[in-house]
Amino acid sequence: VQPQPDAKMCDQTFLAITFGPCDNCSQNKPLMNIYLKNEPINYCSLCVEMMACQGLAKGETIHTLKAESESLKSKLEEERAKLHDVELHQVAEKMEALGQFVMKTRRTLKGHGNKVLCMDWCRDKRRIVSSSQDGKVIVWDAYTTNKEHAVTMPCTWVMACAYAPSGCAVACGSDEEKSIQYVVLLYVFVILTSSGDGTCALWDVESGQLLQSFHGHSADVLSLDLAPSETGNTFVSGGCDKKANVWDMRSGQNVQSFETHESDINSVKYYPSGDAFASGSDDATCRLYDLRADREVAIYSKESIIFGASSVDFSLSGRLLFAGHNDYTINVWDVLKGTRVAILFGHENRVSTVRVSPDGTAFCSGSWDNTLRMKVKGLAVVIGVLHHPVVSAPRAAGELRNIGHSFPVIYS
Amino acid sequence: MSSKMAGSNNLTHARRMVQQLKVEASIERIKVSKASADLMRYCGENAKYDPLLMGIPASENPFKDKKPCTIL
């Protein structure tokens, strides 16, 4: 999608998709340019993968393969269960409990004409970019609440936005063609996206070339997060198939998969050390999955919490998990003990996105009430309240985060 | 999609599933007790740098409203 800049916001506008009918299956999809018997062809990434799987092995039928699948699944469960010697919250009992938690809204950013769907912090810890159903992407100075830039997109639901690491560019994704629901900026020239078609894709933005595709979800992929740079080139995705998958960015391989949620996963976020990730789901729970134990190690839920969690984020040390919900509240959890330490009120509609600032001093929440609110721990004063008519609409999806590490471009 | 294509697609999907499960089954895992201890240690080491956990003094809070001064 090509944004029309209202003000000088970035040096270049990027067309991010090479799209068209696949030479094999004829579906309109992102295409890879490959050579087959010295002839250049354009295959979608799924057909490229299928090609690699052709040819029957001796004695192989669909039945033997299914039986093998089932036995592998049981073996996987067995292996995981062997290491389940204790619960995280039991180990955490010896930790000091957190004190009383008070957070106050410090700033309310008003200016969007419709639901706020996504936001991201700039690395300067001061600027915020937000996108909305009103088709606008706005850059704010969070300290002064001034709007620095506004870009009008040629579409309405701007599901996702992210700041480039340089702070000089912003990427946006729209739901219009059901093409991009979620965008993460790796480096200003490479973008990772997730889509309503169930795939994730890595793009070289300058050329529009598809670098790698990731297949494994059987429904819309609603959220992605990149592993912190120290822990390597992996990312986690969560989707409407209730699965959270961990991927190797270079090979496209799905290395781990978790399926314990009972409904769509709306948000996934890495624990700051990179050894775990949290998820928020329509099943009203958040969960913590440890990557080295290869299992779910905590579930954050209460009988009184019945509305889905749309967005999650960790505080800097990973001790706190913030979860925005569809009942307009934000729950704050002690990640290790599994207890809720606070409920934050203030929004007048669904919370669609929560994001802790890069230095961890504040967090910002965006909502279908058209506002963004920023909270800092201390004494609270609600600065302003915005009244807008609530229009019922499909669930907001998509989240963006920008990470600073550069990524070597790999052409497959 | 012809039934022949669908048939071969089912087979390919089944093979992909088996390959995928083999990859997932082969990874090395650690005990939950060890994983939990590591998560706790990370929190412990970084707690003092976490402003949302510790709170920050008003003088350092960039979001705190500046009160107007009254000259007496």
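This is a predicted model: local features need pLDDT of at least 70, side-chain atom pairs count only at pLDDT 80 or more; totals for chains, interfaces and linings use all residues.

Trainee: Fine, let's start with the interface. How big is the area buried between chain A and chain B?

Mentor: Here's the general idea: the size of an interface is often given as the accessible area lost when the parts come together. In this case, about 5100 Å² is buried between chain A and chain B. Carbon and sulfur atoms give 68% of that area.

Trainee: And how many residues does each chain bring to the contact?

Mentor: Chain A brings 72 residues and chain B brings 48 residues.

Trainee: What about polar contacts and salt bridges across the interface of chain A and chain B? How many are there?

Mentor: Three salt bridges cross the interface, and 12 residue pairs are in polar contact between chain A and chain B, counting pairs with both residues at pLDDT 80 or more. As for where chain A makes its touch, helix 2 (residues 62-82) of chain A gives the largest share of the side facing chain B, with nine residues. By type, that side of chain A splits into 38 nonpolar, 16 polar and 18 charged residues.

Trainee: Let me look at chain B by itself. How many helices and strands are there in chain B?

Mentor: Chain B has three helices and zero strands, and its pattern along the sequence reads α-α-α. Of the 72 residues in chain B, 38% are buried.

Trainee: Now strands. What should I think about when I look at one?

Mentor: In a regular strand the side chains alternate between the two faces of the sheet. With that in mind, take strand 20 (residues 265-270) of chain A: six of its six residues are buried.

Trainee: Which strand does strand 20 of chain A pair with, and do the two run parallel or antiparallel?

Mentor: Strand 20 of chain A is joined by five bridges to strand 21 (residues 276-281) of chain A, and the two run antiparallel. One bridge to look at pairs A:Y270 with A:F277, the latter in strand 21 of chain A. The two strands form a hairpin with five residues between them. In the turn, A:G274 has a positive phi of about 85°.

Trainee: Let's zoom in on one residue, A:V297. Is A:V297 buried or exposed?

Mentor: A:V297 counts as buried because its relative accessible area is 7%, and the cut-off for buried is under 20%. You'll find A:V297 in strand 23 (residues 295-300) of chain A.

Trainee: Which residues does A:V297 touch?

Mentor: Leaving out residues up to four places away in sequence, A:V297 touches A:E87, A:L88, A:L288, A:Y289, A:D290 and B:V32. That list includes a residue of chain B, namely B:V32. For a sense of distance, the C-alpha atoms of A:V297 and A:G239 are 20 Å apart, with 58 residues separating the two along the chain.

Trainee: What about a salt bridge between strands?

Mentor: Look at A:E148 and A:R127, whose closest N and O atoms are 2.7 Å apart. A:E148 belongs to strand 9 (residues 147-152) of chain A and A:R127 to strand 7 (residues 127-132) of chain A, so the pair ties together parts that are 21 residues apart in sequence. A:E148 is partly exposed at 32%, and A:R127 is partly exposed at 24%.

Trainee: And in chain B?

Mentor: There, B:E45 and B:R41 form a salt bridge at 3.8 Å, N to O. The two are about one helical turn apart because they lie four residues from each other in helix 2 (residues 32-46) of chain B. B:E45 is partly exposed at 45%, and B:R41 is partly exposed at 47%. Through shared partners, salt bridges join A:D275, A:R292, B:K34, B:D38, B:R41 and B:E45 into one network.

How values were computed:
Residues are numbered from 1 along each chain as its sequence is written. Chains are lettered from A and ligands numbered from 1 in the order in which they are written. Side-chain values use heavy atoms; hydrogens and water are left out. Contact means heavy atoms within 4.5 Å. Buried area is the accessible area (1.4 Å probe) that two parts lose on being put together, summed over both. A salt bridge is a side-chain nitrogen of Lys or Arg within 4 Å of a carboxyl oxygen of Asp or Glu. A polar contact is a pair of N or O atoms within 3.5 Å; within protein, one must be able to donate a hydrogen and the other to accept it, and residues adjacent in sequence count only if both atoms are side-chain atoms. Ala, Val, Leu, Ile, Met, Phe, Trp, Tyr, Cys and Pro count as nonpolar, Asp, Glu, Lys and Arg as charged, and the others, Gly among them, as polar. Buried means under 20% relative accessible area, exposed over 50%, partly exposed in between (1.4 Å probe, protein chains only). Two strands pair if DSSP finds at least two bridges between them.
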